[in-house]
Amino acid sequence: MTVGSQVKSCYSAIKSAEATLDVLAHKTQDKQAKQAFQNAQQLVSDIKDDLKKQVIALTNEEPQY
């Protein structure tokens, strides 16, 4: 598995985690829990954005087979 494919796999997992946190934030009635889920979702979103940049950079660098 190439580094690019590993980063893409990680990116997919992060997107899934972000979606799960969004669902949990919308389902909970507890205000503290809702805020915690939203804060975590924002952190994960920032990481996802950074990973997307890496995916683009690695896609341009790695040879295609």
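Which residues is E18 in contact with, leaving aside its neighbours within four places in sequence? With those neighbours set aside, E18 is in contact with Q41, V44, S45 and K48, where contact means heavy atoms within 4.5 Å. The model is predicted, so local features need pLDDT of at least 70 and side-chain atom pairs count only at pLDDT 80 or more, while totals for chains, interfaces and linings use all residues. Residues are numbered from 1 along each chain as its sequence is written, and side-chain values use heavy atoms, with hydrogens and water left out.

**Helix 1 and helix 2**

E18 is found in helix 1, which covers residues 3-27; Q41 has its place in helix 2, residues 31-61. Helices here are DSSP runs (H or I, at least four residues), numbered from the N terminus. Two packed helices are described by the angle between their axes and the distance between the axes. For helix 1 and helix 2, the axes come within 8 Å and cross at roughly 160°. The axes are lines fitted to C-alpha atoms, for helices over the stretch in contact, and the angles run from 0 to 180 degrees between N-to-C directions. Helix 1 and helix 2 are therefore roughly antiparallel to each other, a term for angles over 145 degrees. Their crossing is left-handed, meaning that the near helix is turned anticlockwise from the far one by less than a right angle. The residues of this contact divide into 15 nonpolar, 7 polar and 7 charged. In this division Ala, Val, Leu, Ile, Met, Phe, Trp, Tyr, Cys and Pro count as nonpolar, Asp, Glu, Lys and Arg as charged, and the others, Gly among them, as polar.

**The salt bridge and its surroundings**

Side chains of opposite charge can pair when their charged atoms come close. The structure holds 1 salt bridge, defined as a side-chain nitrogen of Lys or Arg within 4 Å of a carboxyl oxygen of Asp or Glu. In this salt bridge the side chains of K48 and E18 meet at 3.1 Å, N to O. The pair links distant parts of the chain, with K48 in helix 2 and E18 in helix 1, 30 residues apart. Both K48 and E18 are buried, that is, under 20% relative accessible area, whereas exposed means over 50% and partly exposed lies in between (1.4 Å probe, protein chains only). E18 counts as buried because its relative accessibility is 14%. Q41, at 18% relative accessible area, is likewise buried. Apart from its neighbours within four places in sequence, Q41 is in contact with E18, L21 and D22.

**Residues with greater accessibility values and their separations**

V23 has its place in helix 1 and is partly exposed, with a relative accessible area of 42%. L24 also lies in helix 1 and is partly exposed at 35%. K52 belongs to helix 2 and counts as partly exposed at 45% relative accessibility. H26, in helix 1, counts as exposed because its relative accessibility is 59%. The table gives C-alpha separations for pairs that include these residues.

| Pair | Separation in sequence | C-alpha to C-alpha distance |
|---|---|---|
| V23 and F37 | 14 residues | 9.1 Å |
| K52 and K8 | 44 residues | 8.2 Å |
| L24 and V55 | 31 residues | 27 Å |
| H26 and T2 | 24 residues | 37 Å |

Definitions and conventions. Helices (H or I, at least four residues) and strands (E, at least two) are DSSP runs, numbered from the N terminus. Angles under 35 degrees count as roughly parallel, over 145 as roughly antiparallel, 65 to 115 as roughly perpendicular and the rest as oblique.
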